[in-house]
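Please load the model in a viewer and keep the selection panel open. The stops below proceed one selection at a time.

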Amino acid sequence: MSGNGRVSGGHSPVVAIDGPAGSGKSTVSRALAARLGVERLDTGAMYRAVAWAALRAGLDPAAGEPVADLARSLAIDVGERVTADGEDVTEAIRSPEVSRAVSAVAATAEVRTELVDRQRRWVAERGGGVVEGRDIGSVVLPHADLKVYLTASPEERARRRHEEGAAALARRDAIDSTRAASPLEVADGARVVDTTGRTVDEVVEEVLGWL
Ligand code: CDP
């Protein structure tokens with residue numbers, strides 16, 4: 001595999017799934033990975049783990065370099081459970097406090113450099129997989145075998161994320177889409193799927209048809 005994630009002679013496909021909060025990324029990517037028999041990486045959980053650690057260290061999530069230092073030294077393991085320096089943070093990283101802080105952490109270019117590097121290594125070690133996030137098709141794995149951009153109506157996304165609240169969700173979307181470092185956007189060559197009113201199975205079948 002090349003440094004950019006192209007599979008050369010490998011057997012597992014590299015699939016990039018991007019989209020805003022509540023677009024169905026996690027559900028679709030989990031089902032897709034199961035159907036393909038490959039692993040899935042939730043890159044949002046990595047940014048959330050850094051945000052969680054920054055809050056615990058008493059750092060301003062927008063502080064920049066101190067948060068990047070912390071990201072470089074934090075051991076993050078993302079699987080069915082998520083650990084940060086060995087501590088199980090699976091539930092803690094979904095808290096409203098972390099959701100409020102994570103977009104500022106993710107807007108820090110040096111944090112992204114560190115996490116993008118780890119995400120590429122994750123794929124290289126496995127020879128493929130389903131990777132979900134905001135910049136996977138555009139920055140992390142621009143040569144993925146398949147790039148999918150999921151969307152859903154603002155109403156449906158707010159409904160799926162009712163515990164976060166429509167206003168907080170809209171604020172996070174705005175920061176994620178307008179930041180200078182790797183903003184959320186439809187990657188070149190990505191297939192756009194509107195998941196509004198569609199079942200997970202329907203979406204997964206459509207995506208599988210593109211591989
Ligand atoms: O699950 P949800 O879509 O609500 O968010 P997430 O995937 O857990 O990502 C949380 C936050 O991490 C996003 O709002 C982005 O600020 C950031 N993120 C990012 O910048 N780049 C990624 N590849 C993944 C997440």
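Select R121 and colour it by accessibility: this residue is partly exposed, because its relative accessibility is 44%, a value between the 20% and 50% cut-offs. The model is a predicted one, and the accessibility is computed from it.

Where do D117 and R121 lie relative to each other along helix α5? Display residues 109–126, which make up helix α5; the two residues are 4 apart there, so about one helical turn separates them. D117 is likewise to be classed as partly exposed, since its relative accessible area is 38%.

R126 forms a salt bridge with E125, and the closest N and O atoms are 3.7 Å apart. Is E125 buried or exposed? At 63% relative accessibility E125 counts as exposed, because the threshold for that class is over 50%. R126, with a relative accessible area of 32%, is partly exposed.

A further selection brings together R40, D42, R94 and E132, which salt bridges with shared partners join into one network. Within this group, centre the view on D42 and R94, whose side chains meet in a salt bridge at 3.2 Å, N to O. D42 is buried, because its relative accessibility of 9% falls under 20%. R94, at 43%, counts as partly exposed. For the model as a whole, the count of salt bridges is 22.

Now select the strands β3, β4 and β5. These 3 strands form an open sheet in the order β3-β4-β5, with antiparallel pairing. Which strands are at the edges? They are β3 (76–78) and β5 (87–88), each of which pairs on one side only. To inspect the pairing, zoom in on β3 and on β4 (residues 82–84): 3 bridges join these antiparallel strands.

Technical notes: Residues are numbered from 1 along each chain as its sequence is written. This is a predicted model: local features need pLDDT of at least 70, side-chain atom pairs count only at pLDDT 80 or more; totals for chains, interfaces and linings use all residues. Side-chain values use heavy atoms; hydrogens and water are left out. Two strands pair if DSSP finds at least two bridges between them. A salt bridge is a side-chain nitrogen of Lys or Arg within 4 Å of a carboxyl oxygen of Asp or Glu. Buried means under 20% relative accessible area, exposed over 50%, partly exposed in between (1.4 Å probe, protein chains only).
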